[in-house]
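Work through the exercises below with the sequence and the model open. Try each task before you read its solution.

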Amino acid sequence: MVHSSPTVNILEVVRVSPPPSDSATLPLTYFDLGWLKLHPVDRLLFYRVPELTRSVLISKLKFSLSATLLHYLPLAGRLVWNPTDTKPSIVYSPDEKDAVYVTVAESNGELSRLSGDEPRPATEFHPLVPELPVSDESARVLAVQITFFPNQGFSLGVTAHHAVLDGKTTAMFLKAWAHNCKQEHDPLPHDLTPSMDRTVVRDPTGLETKLLNRWMSASNNKPSLKLFPSKEIGADIVRVTYRLTRENIQKLRERVETESKAGAELRLSTFVITYAYVISCLVKARGGDPTRRVCIGFASDFRSRLNPPLPPTYFGNCIVGAGDFDAKAEPILEEGEGFVSAVESLSGWVNGLCPENIEKSMLSPFEAFKRMEPGRQMISVAGSTRLGIYGSDFGWGKPVKVEIVTIDKDMSVSLSESGDGTGGVEIGLCLTKDNVERFGSLFSRGLKKKREIS
Ligand SMILES: CC(C)(COP(=O)(O)OP(=O)(O)OC[C@H]1O[C@@H](n2cnc3c(N)ncnc32)[C@H](O)[C@@H]1OP(=O)(O)O)[C@@H](O)C(=O)NCCC(=O)NCCSC(=O)CC(=O)O
């Protein structure tokens, strides 16, 4: 079927500020500094509410956003790096009229199609998320876009600076905002109230300074918050969602138990099984020279891994990258066994996560990305199966779909628990149309019983 691209009309951009409060400053830690120049994360939550009027929607969301910002003041502020400062910090200043900029828009698109799973042009999602202005000295932290789909519902686009928020903090903020919108008279529960104490992050080896030196040398020794340039997304890139049910995951787990010689040490969690399965399909879909190298990465939340651990409500980044920049494609390309090989590697990387390796993990990308040949297959994860993002109910029910729009910029894979609460996983991908066909056929073939695929 041929579709004309939907039109999104911007109606207004409004500033939403917290209720009167003092100014606030929050320093960045080394966990934040690792993400300083990476692109922001754009999330899109779709809600089906045909009876909702635009004026009710906008006034409720604005009012509850303002109330939520009182607890999340840095989100209304800016990341600032003055030439005289050794490092950037987050500043919220009412005198500077700091606020979250909220774009209000209306679309004539079909919400059910955009929030479906079938391949849709990746570029159709860009007009639904706002931009985050960034200069050398200053960057906005958060921007929001509310897009009304008359007689269908709305989408909520949230763009978050990665040096300020990780997935856990973004999810906590969204759930807090939803709570304040749905139950405006109830106080914010403890598990949605952020902990802003930065003294809990210790830096015995001076990792912060090492990271700052690397960022300075990347910008001619001048402080700069400018982000790495993002690539243009071509018209041939489509966004698609695949799903693994709890039963699919259990069958894949049993397959590893039967076929792997690694035995009991393997960590056969939902994340390991799902991501290994996706990696094996992506590497096979690309095919090519078996001696080629593949960059495989994922982020791990260190809040509970530090000693002593940080509070689960810690505000900011507490994630560290893991994986292998130079994984061999050959074992993953093996028919059938490639998946088991990917599980063994991933399981080892997850089991090896420990605070002693944080420094190496955070510094190694600077060198690795310089030496990699152009065109190397890069596989990484955005989001997580643990964020509970589908719990963001603003009073009109759970989202019908959540997308991470920015996976098209770096060709990463988005993972999320399935919205229906049945223990499955949603996998978001942005690929060329040809690659989607190859990936899709490998994905469904591998879920059939072993004797049928051999
Ligand atoms: C490193 C990991 C991915 C490895 O995942 P694993 O699933 O193997 O390990 P795990 O410790 O999470 O869970 C293993 C098992 O422990 C139990 N378990 C652990 N935590 C649980 C929880 N919170 N709820 C329910 N069960 C839990 C389950 O039984 C699970 O098995 P079972 O799974 O079978 O039920 C993870 O530990 C982790 O750090 N996840 C968070 C990653 C994250 O924050 N990503 C966002 C990055 S920021 C980003 O990308 C940008 C953005 O999102 O904005």
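**Exercise 1: A strand pair**

Task: find the bridge partner of Val14 in β6.

Solution. The partner of Val14 in β6 is Val102. Helices (H or I, at least four residues) and strands (E, at least two) are DSSP runs, numbered from the N terminus. Residue numbers start from 1 along each chain as its sequence is written. The model is predicted: local features need pLDDT of at least 70, side-chain atom pairs count only at pLDDT 80 or more, and totals for chains, interfaces and linings use all residues. Next, widen the view to the whole strands. β1 and β6 (residues 100-107) run antiparallel, joined by eight bridges.

**Exercise 2: The ligand shell**

Task: which element gives the most to the shell around the ligand?

Solution. A residue is near if its C-beta atom, placed from the backbone, lies within 6 Å of the molecule. There are 20 residues around the ligand, and Gly167, Ser269, Thr270, Phe271 and Ser300 come nearest. α4 (167-182), α7 (270-286), β12 (293-301) and β15 (381-384) each supply at least two shell residues. β12 gives the most, with four.

Conventions. Two strands pair if DSSP finds at least two bridges between them.
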